[in-house]
Amino acid sequence: MYLGVIPSVVNCQLLWQERDKPGVIWFILSMATGGLWSLLFATFTLIPDPQLTLAVANFFWVMIPTAAVTLFLLAYEFVFKQTASRTAVYALFTPIVLLFILSWFNPYELVFTSAYYVTADGILHFPIFDGPLKVLVTKIYGYLLVFLAAGMFVGELLRTNGTQRRQTVYLLVVFSMLVGSTLVKVAGLVPIYFDPTSVLYSCSGLFFAYSIREHGLLKFVPVAREQTFEEITDPIFVVNAAGYIVDANQAGVRLSEQSLIGTNIEEFICGSTVSADAQGSGVVKLEISGGTRTFSIETSEIIYGRGVTGKIVVLSDITALKEREEELDLLKQVLSRIFRHNIRNDLNVIAGFAAIIRDSTSGETAQSADRIHTRAMKVVEQAAKARKIETVLSYTETDQRPLDEYLSKVEQSVSAEWLTHVSFDVDDVVVDAHPRFDLALAELIENAVSHHAGDDPITVRVTTDLSPTAATIIVEDNGPGLPPSEFAVLEAGEETDLEHGSGIGLWLVYWIVSRSNGTLSVRASESGTQVRIRLNRADSAADGGDSPATDDGRG
């Protein structure tokens with residue numbers, strides 16, 4: 001019986017470092033209970049003093065239901081992969097505490113009957129079924145928890161495979177040996193002074209302790225997630241609280257010619273870094289087998305069990321994306337320089353000479369020179385708009401400003417002559433928009449005035465339509481109507497060989513509205529064109545009613 005303490009101590013020593021994982025602490029306590037079970041049973045059997053025998057026996061009787069409770073909690077955390085609440089733990093141990101307290105007083109023979117006694121030489125005699133409380137806690141309550149735990153393990157065995165199934169089998173072996181030894185004791189096949197249950201219980205636990213050490217207890221994720229973890233193409237590393245890599249998927253293993261398990265993640269990344277993003281954006285270049293690759297780094301925290309912490313580090317290969325981004329940035333710089341300097345300057349020279357020829361000649365020559373001048377100036381204007389687009393694309397965040405501020409900038413940028421044809425009737429509202437939203441409004445106004453045809457006076461109206469969460473800015477004119485091909489390009493979101501706009505002005509409007517998280521719609525008819533821009537509101541009216549409409553006097 002005393003030798004049965006040894007495997008219990010070995011189990012506790014083997015698993016102490018794993019105690020924070022769900023279930024492990026209860027397995028340790030279960031093994032410790034088995035060891036105490038053997039120790040106390042052997043001790044009260046050998047003690048010749050009757051009073052000391054009874055005192056030691058009182059401690060012994062609580063070991064049986066304690067083992068059942070710890071096994072039930074082990075099964076719960078093993079199967080459901082979460083720690084039991086303190087309330088549940090306290091509730092499960094309450095009957096045991098009550099049995100231990102009352103065993104010292106035995107009121108109304110609730111714990112022990114008259115058949116429970118100690119002889120003069122210290123030999124304890126106890127019936128299989130004793131007082132009602134003792135039977136209820138040690139027999140009914142204890143075995144009920146054991147069978148519930150066994151049922152949870154059987155269910156886990158049927159729905160899992162791999163490591164989780166093997167560990168479940170080990171636990172069922174522990175249960176089988178526990179039940180088998182108990183039946184042997186009840187059948188009287190062993191001497192009264194020997195209880196094989198606790199000894200076999202502790203010994204069988206060695207098998208499970210070995211499994212925990214070799215394979216780990218309670219996988220972080222189900223089997224399907226394990227397979228996803230292995231097959232995903234991005235390198236993934238599991239890092240413990242000390243910053244060392246404890247696991248990696250296949251992509252992570254292939255990332256280096258040497259094993260990265262046990263390597264400090266910071267040393268690996270920093271030691272392999274060719275260059276890192278100066279803004280700390282989590283982008284690094286790693287020198288790996290096959291050359292230099294660029295990776296983005298994403299980190300997520302792991303909180304598992306009783307204070308177990310760590311993190312998952314995912315490296316996403318963005319080498320091709322970064323190369324494409326650098327190529328596009330270079331192309332943008334080259335085209336911008338060409339538009340701003342070479343082409344624009346050359347076209348200004350061409351337009352100047354065309355104007356001289358037009359003014360100094362007549363007839364067909366003057367007409368041709370005038371057409372050259374007009375075309376050249378149109379391309380110069382397009383180059384200026386291309387510069388505006390470059391400015392628009394340089395902003396990544398929106399601003400929350402009164403719409404009136406944007407209209408004030410429009411009045412400063414649009415020709416005073418053109419503004420005489422424009423009337424404003426807008427609400428006092430704050431919108432969430434691109435910082436250069438005024439360029440979109442100015443472009444729509446200039447487009448409406450410059451493309452007007454017919455004898456009717458030019459009329460352009462800028463109004464608003466409010467809802468509790470949005471403000472719609474409406475720009476409408478009485479011109480010939482925007483050709484379907486113009487706004488069809490915007491609806492498609494791309495230029496094609498069959499459909500393309502005559503200029504880039506509307507693209508300027510499109511990008512500004514898009515970066516304002518707004519929507520753009522166009523309605524054209526013979527009586528004119530109506531452009532509607534819907535933006536999110538950023539004022540207090542978004543939480544309540546609408547602001548009253550106001551005429552700010554522009555026009």
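Helices and strands are here DSSP runs, at least four residues long for helices (H or I) and at least two for strands (E), and they are numbered from the N terminus. By this numbering, N517 is placed in the loop between α17 (505-515) and β14 (519-525). The model is predicted.

Most residues other than glycine have a negative phi. N517 is not a glycine, yet its phi is positive, at about 60°. With a relative accessible area of 52%, N517 is exposed, because the cut-off for that class is over 50%. A positive phi also occurs at E109, a residue other than glycine, where the value is near 55°. E109 is found in the loop between α4 and β1 (117-118). Its relative accessible area of 41% makes E109 partly exposed.

**Helix packing and a nonpolar patch**

Two packed helices are described by the angle between their axes and the distance between the axes. Helix α3 covers residues 50-80 and helix α5 covers residues 132-159; they pack at an angle of about 25°, and their axes are 8 Å apart. The two helices α3 and α5 are therefore roughly parallel. The crossing in which α3 passes α5 is left-handed.

On the surface, a nonpolar patch is formed by F59, V97, I101, W104 and F105, which together have about 530 Å² of accessible area. One of these residues, V97, belongs to helix α4 (residues 86-102). V97 counts as partly exposed, since its relative accessibility is 46%.

**Salt bridges**

How many salt bridges does a search of the whole structure find? The search finds seven.

| Salt bridge | N to O distance |
|---|---|
| D317 and R293 | 3.1 Å |
| E476 and R461 | 2.9 Å |
| R532 and D465 | 3.7 Å |

The salt bridge between D317 and R293 has its closest N and O atoms 3.1 Å apart. This pair links distant parts of the chain, 24 residues apart, with D317 in strand β8 (residues 308-317) and R293 in strand β7 (residues 291-304). D317 is partly exposed because its relative accessible area is 37%, and R293 is partly exposed at 32% relative accessibility.

In the salt bridge of E476 with R461, the closest N and O atoms are 2.9 Å apart. E476 lies in strand β13 and R461 in strand β12 (residues 460-466), so that the pair links distant parts of the chain, 15 residues apart. Both partners are partly exposed: E476 has a relative accessible area of 23%, and R461 has one of 34%.

Strand β13 (residues 470-477) also holds I474. Is I474 buried or exposed? I474 is buried, because its relative accessible area is 8%. The C-alpha atoms of I474 and R461 are separated by 7.8 Å, and the two residues are 13 residues apart along the chain.

The side chains of R532 and D465 meet in a salt bridge with an N to O distance of 3.7 Å. Here R532 in strand β15 (residues 528-537) is linked with D465 in strand β12, and the two are 67 residues apart. R532 counts as buried, as its relative accessibility is 18%, whereas D465 counts as partly exposed at 40%.

How values were computed
Residues numbered from 1 in each chain as written. Predicted model: local features only at pLDDT ≥ 70, side-chain atom pairs only at ≥ 80, totals over all residues. Heavy atoms only, no water. Patch = residues over 30% accessible without salt bridge, like charges linked within 9 Å, V, L, I, M, F, W, Y side chains within 5 Å. Areas by Shrake-Rupley, 256 points an atom, 1.4 Å probe, with all protein chains shown as cover. Salt bridge = Lys/Arg side-chain N within 4 Å of Asp/Glu carboxyl O. Buried < 20%, exposed > 50% of the residue type's maximum accessible area, 1.4 Å probe, protein only. Axes fitted to C-alpha atoms, helices over the stretch in contact; angles between N-to-C directions. Parallel < 35°, antiparallel > 145°, perpendicular 65-115°, else oblique. Left-handed = near helix turned anticlockwise from the far one by under 90°.
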